[in-house]
Amino acid sequence: MDRAFKARLEARFGDRLTSAVHQRHDETEMRIGAGDVVAVLTALHDEPEFRFEFLADLAGVDTGTVMQVVYHLWSDTTTDWLRVIADGLPRDDPRVPSATFLWKGAEWMEREAYDMFGITFEGNRDLRRIYMPPDYTSFPLRKDFYLADDAARSPGAGVRPMERTQAPSNAPATALVRRGGT
Amino acid sequence: MTATTDHPHPHRHYEETSADDPRVVLDREIGVFEPVPPYPPRTEREAEFYTLGDGEMLLNMGPQHPSTHGVLRVVLKLDGEKVVDLDPVLGYLHRGVEKLCENADYHQAICYLDPLEYVSSLFCEWPGVMAFEKLLDVDVPRRAEYIRVLSGELNRIASHALFLGWMALDLGGLTPILWSFIERDEIVDMLSALTGQRMLFNYFRIGGVNGDLNHEFMSRLGDWMSRATEQIEAGNTLLNENEIFVRRMRGLGTIDSTTALRMVMTGPNLRATGVPFDVRRAHPYSVYPELDFDIPTRDEGDCLARYLLRMDEIRQSLRIIDQCLHQMPDGPIMAKLPRLLRPRPGRAYAGIEGPRGQYAAYVVSDGTDQPFRMRIHDPSFIHLQAVGVMMPGHLIADTMAVMASLDPIMGGVDK
């Protein structure tokens, strides 16, 4: 845990943080709004005191109430992984600026986040589905996507976690009908 | 197949019924594997790619292509025999591993990680297990860490050995893959004695490993270690001193270090451009700080550099295995943990250095016995998109060579 790094982040990005910098094990976590993504990532990448030149991961997260885009960055100026969370994206239309202006290689990771969560990355030139077929209409990793698999209608339903049949409270009505074995 | 601009459907696939009269064309129904998608372009890039310039044509490579190391379709845009651009189409192997993990409990989730990259299964389990351990604040016993490193490095050699064979196979050489399969088979037999499985080991557990070192594993390992260096060097001279191979690979698929960092490449493919980034040293984990090994780099950034770098890595892995065997401490191989794991709500990220680059997992816990969000980061996925940067200007036949030199495994690409 790099305490000095936390102080540096707070001093530089104090006004942009939406909650306190959090540290645990070898990770430092900062939360920002979607509007600050470009400014914060550019500063982290370009400024000599940070030098976060390596994007370790880019992921979408659906918390059930809001969407997040999570960036993991590595730099030789700290011993921690830096986690930047672009927090509080509305679930009905999550939008965040693309990171492809810094890391061209983020393009496919953003396509994946779009495919799985429906997050729109503004500025990504190639934001189309990457795994699911082009005529697919839902976003499978969202929490309201009901995993309607055949095991859920078997006599052993509910015995093992994979076969649980309770649909999320906001699941579409059809998902609940299917539970009856139709 | 040719494209003419005066055709009524210039962007649709059509076929000549007669070689003598190219104007007689058949407008067919669009099938599953037609190169041009049967819908209007959705993005700027797609529109640009599927608009053909003068003398250009599209060609499908895959999905059942022997050189794609799995089920991958690549649409090539060709000008004569030169590749102008390419568009990989993924998803043929997509199983939704992340969703499956989110619907399994913490122990069960590990077995979904193995088949991601089936030639280096231990490295797919490792980041997931490490992230779970961070969520639970578990201290892994040192013996378990040493066993993890030992088996992991063996797996790395097996994976690299297979890479060397595949690489030559994709260039049309049949002999090296037979040699590398001998190497791989010996390691796989060892690991099967240790873990009980030949491919999908499912060996790492939250807080340790599944079983202790046993007699069969140790005797096979000792036997192999005594001749490994010699055997590997002998196999390598097959290619290293082969002029056809070396001249074909040199200067092919070159990428410089700045572009490689922008493409977020890692592992041997990044180190072949001269950047000494290795997660084992850059962000130390497990017992790697206690071990002495070098990080080989090369400056050329071409296919030959990537190939030679992996051979250097095999030598370093042998050094690490040797040290592990000498420093292996006694003690338990599992931390004491309850059967049912309910980590406190929180987030954890773990990244490790595998044979292809950085494997990582990001896990969000909500306090229940299942991961709330499980993100798996796979290096093959990242490297495959770099093919689009390396390929323009090369010949069709080099597509396979460049792709093989990046060593993507489709199980990991498609998750």
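A definition before the first number: the domain bounds I use come from an automatic or database domain assignment. On that basis, chain B is split into domain 1, residues 14-89, and domain 2, residues 97-377. The centres of domain 1 and domain 2 of chain B, taken over C-alpha atoms, are 36 Å apart. Keep in mind that this is a predicted model.

Where does His25(A) lie? His25(A) sits in the loop that runs between strand 1 (22-24) and strand 2 (27-33) of chain A. With 17 other C-beta atoms within 10 Å, His25(A) counts as partly exposed.

Arg51(A) belongs to the loop between helix 2 (37-46) and strand 3 (54-62) of chain A. Arg51(A) is partly exposed, because 16 other C-beta atoms lie within 10 Å.

Last, confidence. The average pLDDT of chain A is 80, and 80% of the residues score at least 70. Over residues 150-169 of chain A, pLDDT stays under 50, and the model has 26 contacts beyond four places in sequence for them. Residues 172-182 of chain A also stay under 50, with nine such contacts. Where pLDDT is low, the predicted coordinates should not be read in detail.

Notes
Residues are numbered from 1 along each chain as its sequence is written. Chains are lettered from A and ligands numbered from 1 in the order in which they are written. This is a predicted model: local features need pLDDT of at least 70, side-chain atom pairs count only at pLDDT 80 or more; totals for chains, interfaces and linings use all residues. Helices (H or I, at least four residues) and strands (E, at least two) are DSSP runs, numbered from the N terminus. A residue is buried if 20 or more other C-beta atoms lie within 10 Å of its own, exposed if 12 or fewer, and partly exposed in between; C-beta atoms are placed from the backbone. pLDDT is the predictor's confidence in each residue, from 0 to 100. Two residues are in contact if their C-beta atoms, placed from the backbone, lie within 7 Å.
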